[in-house]
Amino acid sequence: MISLHDLDTMIADLGRADIRQQEEGLGLSPDQALVELGKMRDVLVESIRKRWYALYGQISSRYGNAVVPVVQNRCSGCFTMLPTSVNYAGDRNEQVRTCSICGRIIYWAD
Amino acid sequence: MNKSCYCVWDLQSTDRDSALTELLASVPNIGAHSREMLIKALHIREQAGATLVTPGIAMPHCRSILMDDLVIAIGRSSSGIPWPDEPAGVVVMFISPVKPSGPQEHMDLIAHLASHMKNNGPERITGASSPEKLAELLGLDLIQGG
């Protein structure tokens, strides 16, 4: 989900006229990159469970940021303190976890 | 804007992917999982279109939710790293955070680097004689010991 979020950020950035202009000024080809990123997104989405992808879409459209880090044991989207059992789960980054209040997908930066 | 950079003066990598890994390895305080995801993001951007911006200089970059702050790492390879069709003697890698305020910091850095590359020219930059000089020509502040 983090990769999908980062990929969507790249796609959104290259969709902006100001960034495209900058990249073109550097000699890069943002149009071509945008097409390729779209193809890579399709491949990545295929590898994500439909349930999680649907959730990602719903949360993205509601909040803009569907994936947020946990900072000081709180969801950084809604600042809710997460339960201890979630914060200290041994496999906390190995499965998709969501904030029980806002529903955003949460991760722990290491 | 934070313009501090780490430097790998003598990159040992002989291909683009390992150069990205080697450069990111010079940045401290990034966990193994985050590092892996950042490499993946940089790799995706490169696969979408190689970031060789001017003869001899590559500028791999991305924005990621895994970063709290802008990270810049520069490197130099005396033999040149295939990027992938033409060699890059200097690699300027940066990863910007994803902030609610948008990509302004990312854009400011691109503009800053573009301006210095234009003013100093690729020959001077790729021919820099020391890490300090390379950072100076790119308008960056070298993190000593980094």
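This is a predicted model: local features need pLDDT of at least 70, side-chain atom pairs count only at pLDDT 80 or more; totals for chains, interfaces and linings use all residues.
Residues are numbered from 1 along each chain as its sequence is written, chains are lettered from A and ligands numbered from 1 in the order in which they are written, and side-chain values use heavy atoms, with hydrogens and water left out.

The scores of the model are ipTM 0.84 and pTM 0.91. Confidence in each residue is given by the predictor as pLDDT, on a scale from 0 to 100. For chain A the average pLDDT is 91, and 100% of the residues score at least 70. For chain B the mean is 93, with 99% of the residues at 70 or more. Helices (H or I, at least four residues) and strands (E, at least two) are DSSP runs, numbered from the N terminus.

Chain A contains 5 helices and 4 strands. Along the sequence these elements follow the pattern α-α-α-α-β-β-α-β-β. Taken along the principal axes, the C-alpha atoms of chain A fill a box of roughly 50 × 25 × 25 Å.

The strands of chain A come next. 4 strands form an open sheet in the order β2-β1-β4-β3, with mixed pairing; two strands pair if DSSP finds at least two bridges between them. At the edges stand β2 (74-75) and β3 (97-98) of chain A, each of which pairs on one side only. Strand β1 (residues 67-71) of chain A is joined to β2(A) by 2 bridges, and these two strands run antiparallel. Here V71(A) is opposite R74(A) of β2(A). The hairpin of β1(A) and β2(A) has 2 residues between the strands, and in it Q72(A) takes a positive phi near 50°. Strand β1(A) is also joined by 3 bridges to strand β4 (residues 105-107) of chain A, and this pair runs parallel. In that pair, V68(A) stands opposite I106(A) of β4(A).

Most residues other than glycine have a negative phi, and most peptide bonds are trans. F79(A), although not a glycine, has a positive phi of about 65°, and this residue lies in the loop between β2 and α5 of chain A. In chain B, a cis peptide bond with omega of about -25° joins W83(B) and P84(B). P84(B) is found in the loop between β5 (71-82) and β6 (87-97) of chain B.

The packing of helices remains to be described. Axes are lines fitted to C-alpha atoms, for helices over the stretch in contact, and angles run from 0 to 180 degrees between N-to-C directions. Within chain A, α2(A) and α3(A) pack at an angle of about 115°, their axes 9 Å apart. The contact (heavy atoms within 4.5 Å) is made by R20(A), E23(A) and E24(A) of α2(A) together with P30(A), D31(A) and L34(A) of α3(A). By class, this contact of α2(A) with α3(A) has 2 nonpolar, no polar and 4 charged residues. In this division Ala, Val, Leu, Ile, Met, Phe, Trp, Tyr, Cys and Pro count as nonpolar, Asp, Glu, Lys and Arg as charged, and the others, Gly among them, as polar.

Both of these helices also pack against chain B. Helix α2 (residues 17-25) of chain A and helix α3 (residues 104-126) of chain B have axes that come within 10 Å and cross at roughly 25°. The two helices are therefore roughly parallel to each other; angles under 35 degrees count as roughly parallel, over 145 as roughly antiparallel, 65 to 115 as roughly perpendicular and the rest as oblique. The contact involves D18(A), I19(A) and Q22(A) of α2(A) and M107(B), I110(B) and A111(B) of α3(B). These residues divide into 4 nonpolar, 1 polar and 1 charged.

Helix α3 (residues 30-46) of chain A packs with helix α2 (residues 32-48) of chain B at an angle of about 125°, with the axes 8 Å apart. That angle makes α3(A) oblique to α2(B). On the side of α3(A), the contact is made by Q32(A), A33(A), E36(A), L37(A) and M40(A), and on the side of α2(B) by I44(B), R45(B), Q47(B) and A48(B). Of the residues in this contact of α3(A) with α2(B), 5 are nonpolar, 2 polar and 2 charged.
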